[in-house]
Amino acid sequence: MFTKEYKYNFIDVFSGAGGLSEGFFNCNFNPIAHVEMNSYAADTLKTRSCYYYLKKADNLDYYYEYLRGNITRETLYNLVPEDVLSAVINEEIADKTYKRIFNIIDGIMEKDNIREVDVLIGGPPCQAYSLVGRASVPDGMEKDPRNDLYIQYARFLKKYKPKMFVFENVPGMLTAKKGLIWKRIQQRLRTVGYNIEYRLVNAYD
């Protein structure tokens, strides 16, 4: 947790390099945790977390020194509390790992005296749903394990019961397997207790 100024909090799963998190950071949401399997993306999440911490502390000169190459990433990380960096969990979300991830997040919430999660955000990897992916590997999408990552997302909803969630993905998800996958996703998310609204949006907006 950065400061008491934050009114709402969020957990970001399948975080990537943090595109969704950027919007919530800019709206003064407190990041409880980011979960991302790719180590390079996790480093980006840590670096951006440093940026927002130093910005709140009115100390961004250090961040710009890092961008100029005048200080190392390690030096930058040493300028912020360990809690800021440990909120980035570099871990794959899978059947064999989700309980361990829950334990880490529970520990963060207990340490920061956070009793509830306001928002869960995330976009499970979309290659299995994208129109481009289907065109390039027409027979491979059927068995792609990424088709079922929405089940992991639903586990986070069931565990933390946030007030709302943002599930971001590609338009092709609506038509994958003639719409069957999207029906399954909606059913799973409703099963854990949520009403669903969905729409296509332009990232430019």
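Which residues are linked in a network of salt bridges? They are Glu116, Asp118 and Lys163. A salt bridge here is a side-chain nitrogen of Lys or Arg within 4 Å of a carboxyl oxygen of Asp or Glu, and the structure holds 10 of them. This is a predicted model, in which local features need pLDDT of at least 70 and side-chain atom pairs count only at pLDDT 80 or more, while totals for chains, interfaces and linings use all residues. Residues are numbered from 1 along each chain as its sequence is written, and side-chain values use heavy atoms, with hydrogens and water left out.

**Nonpolar cores**

- In soluble globular proteins, nonpolar side chains tend to be buried together.
- A nonpolar core is a set of buried Ala, Val, Leu, Ile, Met, Phe, Trp, Tyr and Cys residues joined through side-chain atoms within 4.5 Å.
- Buried means under 20% relative accessible area, exposed means over 50%, and partly exposed lies in between (1.4 Å probe, protein chains only).
- The largest nonpolar core has 34 residues, and those touching the most other members are Val13, Ile32, Ile105, Tyr153, Phe156 and Phe165.
- Two or more residues of this core come from each of β1 (8–13), β2 (29–36), α6 (98–111), α8 (149–160), β5 (164–167) and α9 (180–191); helices (H or I, at least four residues) and strands (E, at least two) are DSSP runs, numbered from the N terminus.
- Helix α8 gives the largest share of this core, seven residues.
- A second, separate core has 13 residues, among them Cys50, Tyr66, Val84 and Leu85.
- Leaving aside residues up to four places away in sequence, phenylalanine 165 touches Val119, Leu120, Tyr153, Leu157, Leu189, Tyr194 and Ile196, where contact means heavy atoms within 4.5 Å.

- Side chains of opposite charge can pair when their charged atoms come close.
- Aspartate 43 pairs with arginine 73, and their closest N and O atoms are 3.1 Å apart.
- Aspartate 43 is in helix α2 (residues 39–56) and arginine 73 in helix α4 (residues 73–77), 30 residues apart.
- Aspartate 43 is partly exposed at 21% relative accessible area, and arginine 73 is partly exposed at 37%.
- In the bridge between glutamate 116 and lysine 163, the closest N and O atoms are 3.0 Å apart.
- Glutamate 116 lies in the loop between α6 and β4 (119–122) and lysine 163 in the loop between α8 and β5, so this bridge ties together parts 47 residues apart in sequence.
- Glutamate 116 is partly exposed, with 47% relative accessibility.

**A salt bridge between exposed residues**

- Glutamate 197 pairs with arginine 199, with 3.4 Å between the closest N and O atoms.
- Glutamate 197 is exposed at 70% relative accessible area, and arginine 199 is exposed at 62%.
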